[in-house]
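Look at the fold below before reading on. The paragraphs that follow go from loops to helix packing and then to the nonpolar cores.

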Amino acid sequence: MKKLIFALLFLAAFALSAQDTPPPKNWFNLDPVKDSVNGVSTEKAYEYLKGKESKKVLVAVIDSGIDIEHEDLKDVVWTNEDEIPGNGIDDDNNGYIDDVHGWNFLGGKDGRNVDEETLEITREYKRLKPKYEGVSESDVKKADKEEYEYWKEIQTSFEKTYNEAKGQAMMMENIQSQLIRYNKLFEAYLLDEEITSEDINKVSSTDEVIMRGKQMLTQIYNMTDNSLSLDTLIYFVQQDMENIKKDAEFSYNLEFNPREIVGDDPNRMDDIGYGNNDVIGKNTDNFHGTHVAGIIAATRGNNLGIDGVANNVEIMAIRAVPDGDERDKDVANAIRYAVDNGAQVINMSFGKGYSPNTQYVYDAIEHAAKKGVLLVHAAGNSAENIDEANNFPNDKFGRKKDWPNWVEVGASSWGSENNYVGVFSNYGKKSVDVFAPGVAIYSLAPGNEYQDAQGTSMASPVTAGVAALLLSYFPDLEAEQIKDILMKSVRGVEVKVNEPGTGEEVKFSNLSVSGGIINAYEAVKMAESMSLKGKK
């Protein structure tokens, strides 16, 4: 799911870094010692690798759609050589017609595409409500006891989050009206077209309305970021009001069913071939997938935009993530498609709190493990400890040990003034493997544009890019070896940080299994050592 964060929460997070000097646009590729930012030392790694041969690596990006025509990406897009474009025939007999650059599991045969979707909890509430609403536990059959308990959990959570969303909508509407009102008031009072917190602090008046306005705006600035003008605050709130409207119209709407566009049976897990070959996702929001793909593979050295982490890769575009919660069926089939069509690394920058068809997803993960494919997954942006909270998909199902081909990634920041962790990032000493840059990441946007974004969604492709780099120069290494290298070559950060969500001061090293941040240079040296040992 592409998380929608309320404007005030976003601004509160932004405020923690607003006083810092913004990092260089390519900071995630830079070196901590040489460049004084917590990048992953990509450029240093390439200096070390200079003159060495590399092999092309295929990376699948399961996401919202990718602008494969982007100037900085079009040269690294995978082409299925066994498929003849546009002939309406499944030439390679893989079950997908004209899958030239990948597949779109959210498309219809008529060319339409799913954009907005409901949340998984909404779909589960709708599914179980007719069977269990108003039913007491004593009336439930023994065979249905477990499902009934699940329903009660779903019911409580859905109704709580839905009511919270309505409450937040009222709060945001009130804040919006107050900001607009007092912005106009102080523009007239101060004879200034742009009002700042500094202007507000200087105000002194015997007028009760003016002083009440000062008090209100001071409270709002204390909640957010006092470096922003009132006009900018109003803009963020207005943007968030649009998201709130979306929640009412789509996320929690029990009657909304965009799956009719796809035309499949969403309850039948094992069918293939549904969807279409529009991997861009025309007429939908494909920013997220385009940004993610750029971090991994934006063409290096072409003097356009940015340089991706990996220099000899192709991107397989797989569309399975709507604006809402992705479906387990699509996730599992997307993984299988990537694996069966040659991907060596799969990036998955999405997640959700409920997964009713978990087993089907885990079967796909196991399929990837047997084929030696590395899966890199974003830990999520809820500022939660996912040792305790759910974040699906994950690698915990029915096993005593983690899958050796699964890497769970939290988001780190550039490190100015001990700012080492994204305040939104999920964490977990047992569940998050590593951290990687995920704050103020500059990458591709649709239509040959470039833009900043932040989230574990950005940290995951940084990690996937480093993994692809290693496989490119050391192709004899297996997926579990790559994970081992990524974990053991991290740069340890022995500082105390504010734990996301709680604000409690903890050691950064306690937020993940490895205790550190991905480092491409150290990973390359370790990979070289392991590769040489394997050749003896």
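Helices (H or I, at least four residues) and strands (E, at least two) are DSSP runs, numbered from the N terminus. With that naming, D98 lies in the loop between β1 (57-63) and β2 (102-104). This is a predicted model, in which local features need pLDDT of at least 70, side-chain atom pairs count only at pLDDT 80 or more, and totals for chains, interfaces and linings use all residues. Residues are numbered from 1 along each chain as its sequence is written, and side-chain values use heavy atoms, with hydrogens and water left out.

Stay with D98. Its phi is near 60°, a positive value in a residue other than glycine. Buried means under 20% relative accessible area, exposed over 50%, and partly exposed in between (1.4 Å probe, protein chains only). D98 has a relative accessible area of 9%, so this residue is buried. N448 also has phi near 60°, again positive in a residue other than glycine. N448 sits in the loop between β8 (441-445) and β9 (449-453). At 37% relative accessibility, N448 counts as partly exposed. A further loop, between β5 (374-378) and β6 (406-412), holds P393. The peptide bond from F392 to P393 is cis, with omega near -5°.

Now the helices. Two packed helices are described by the angle between their axes and the distance between the axes. Axes are lines fitted to C-alpha atoms, for helices over the stretch in contact, and angles run from 0 to 180 degrees between N-to-C directions. Helix α4 (residues 120-132) and helix α5 (residues 145-190) have axes that come within 9 Å and cross at roughly 125°. Angles under 35 degrees count as roughly parallel, over 145 as roughly antiparallel, 65 to 115 as roughly perpendicular and the rest as oblique. The pair α4 and α5 is therefore oblique. Contact means heavy atoms within 4.5 Å. In this pair, α4 contributes I121, T122, E124, Y125, R127, L128, K129, K131 and Y132, while α5 contributes E147, Y148, Y150, W151, I154, Q155, S157, F158 and E159. The contact residues divide into nine nonpolar, three polar and six charged. Here Ala, Val, Leu, Ile, Met, Phe, Trp, Tyr, Cys and Pro count as nonpolar, Asp, Glu, Lys and Arg as charged, and the others, Gly among them, as polar.

E124 lies in α4. At 3% relative accessibility, E124 counts as buried. Not counting residues up to four places away in sequence, E124 touches Y150, I154 and P356.

Turn to α12 and helix α13 (residues 479-488), which pack at an angle of about 120° with axes 10 Å apart. They too are therefore oblique to each other. T463, V466, A467, L470 and L471 of α12 meet I482, I485 and L486 of α13. That contact has seven nonpolar residues, one polar and no charged. L477 lies in the loop between α12 and α13. The C-alpha atoms of L477 and S531 are separated by 6.6 Å, though 54 residues apart along the chain.

Last, the cores. A nonpolar core is a set of buried Ala, Val, Leu, Ile, Met, Phe, Trp, Tyr and Cys residues joined through side-chain atoms within 4.5 Å. The largest has 71 residues, of which V59, I66, I315, L470, I482 and L486 touch the most other members. Helix α12 (residues 456-473) supplies the largest share of this core, 11 residues. Apart from this core lies another, of 39 residues, among them V114, A320, M348 and Y362.
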